[in-house]
Amino acid sequence: LELKMGVPALPPGRLERLVQALRQVPLQATYASPLERTMETARPLANARNLSVIPCEAANEVDYGEWAGKNWDELQSSALWRRFNEQRSVTAPPGGELMLQIQARIIRAMEQIREDHPDQHVAIVSHGDVIRSAVAHVAGIPLDLLNRIEISLASFSTVEWYEGGPRMLRLNQTAEI
């Protein structure tokens with residue numbers, strides 16, 4: 001089950017360790033979902049390189065529609081909730097986004113960022129399901145299997161884009177010892 005009812009807190013020091021782990025990566029730009037919690041996550045990474053964080057609407061959180069603000073108990077009894085978690089490719093939350101729409105918006109943004117920063121290293125800070133949808137696209141994983149992909153808080157995944165298309169180099173790496 002992926003809908004997060006509240007934002008879990010980062011374990012102490014994890015963000016600082018992530019910034020340290022990525023210190024050798026020559027980032028030329030840092031993009032982030034415009035939500036404040038995501039911008040706060042991106043700032044230390046950008047600040048370490050004297051960069052500003054560029055808001056990226058396409059990296060924004062999933063629109064869960066009528067499910068936003070609901071608790072787990074309210075959703076567990078819903079047949080639509082179960083279908084959403086089993087068939088992400090064809091099931092959207094009531095009044096919310098279809099996972100295919102989310103995947104299309106983040107992949108379009110990644111393509112545009114790639115054009116804007118040819119042959120450069122760029123960070124995009126986003127949310128679990130948005131990242132999962134991008135990873136699924138790159139790895140050729142059907143959206144219905146999205147919940148098999150783990151994306152931890154303050155983790156990083158690395159995609160290399162080359163003439164033949166994208167490929168996954170790293171998935172869900174954390175700076176934990």
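A: In this predicted model, the axes of helix H5 (residues 99–116) and helix H6 (residues 128–139) come within 9 Å and cross at roughly 75°. Angles of 65 to 115 degrees count as roughly perpendicular, and H5 and H6 therefore stand roughly perpendicular to each other. On the H5 side, the contact is made by Met99, Ile102, Gln103, Arg105, Ile106, Ile107 and Met110; H6 contributes Asp129, Val130, Ser133, Ala134, Ala136 and His137. By class, the residues of this contact comprise eight nonpolar, three polar and two charged.

Leucine 146 touches residues of this contact, including Met99, Asp129, Ser133 and Ala136. Arg88 and Arg132 are also touched by Leu146, when residues up to four places away in sequence are not counted.

The largest nonpolar core has 27 residues, of which Cys56, Trp67, Ile106, Met110, Leu146 and Ile149 touch the most other members. At least two residues of this core come from each of strand S1 (27–32), helix H4 (79–86), H5 and H6, and H5 gives the most, with seven residues. Another core, of nine residues, lies apart from it and has Leu22, Leu27, Ala123 and Phe156 among its members.

S1 also belongs to an open sheet of three strands, ordered S2-S1-S3 with parallel pairing. Strand S2 (53–55) and strand S3 (121–125) are the edge strands, each pairing on one side only. The twist from one strand to the next averages 30°. Three bridges join S1 and S2 in the parallel sense, and valine 53 of S2 is the bridge partner of threonine 30. Helix H2 (residues 36–47) lies across S1, S2 and S3 and runs at about 170° to S1.

Key
Residues numbered from 1 in each chain as written. Predicted model: local features only at pLDDT ≥ 70, side-chain atom pairs only at ≥ 80, totals over all residues. Heavy atoms only, no water. Axes fitted to C-alpha atoms, helices over the stretch in contact; angles between N-to-C directions. Helix = DSSP H or I, 4+ residues; strand = E, 2+ residues; numbered from the N terminus. Parallel < 35°, antiparallel > 145°, perpendicular 65-115°, else oblique. Contact = heavy atoms within 4.5 Å. Nonpolar A, V, L, I, M, F, W, Y, C, P; charged D, E, K, R; others polar. Core = buried A, V, L, I, M, F, W, Y, C linked by side-chain atoms within 4.5 Å. Buried < 20%, exposed > 50% of the residue type's maximum accessible area, 1.4 Å probe, protein only. Pairing = 2+ DSSP bridges.
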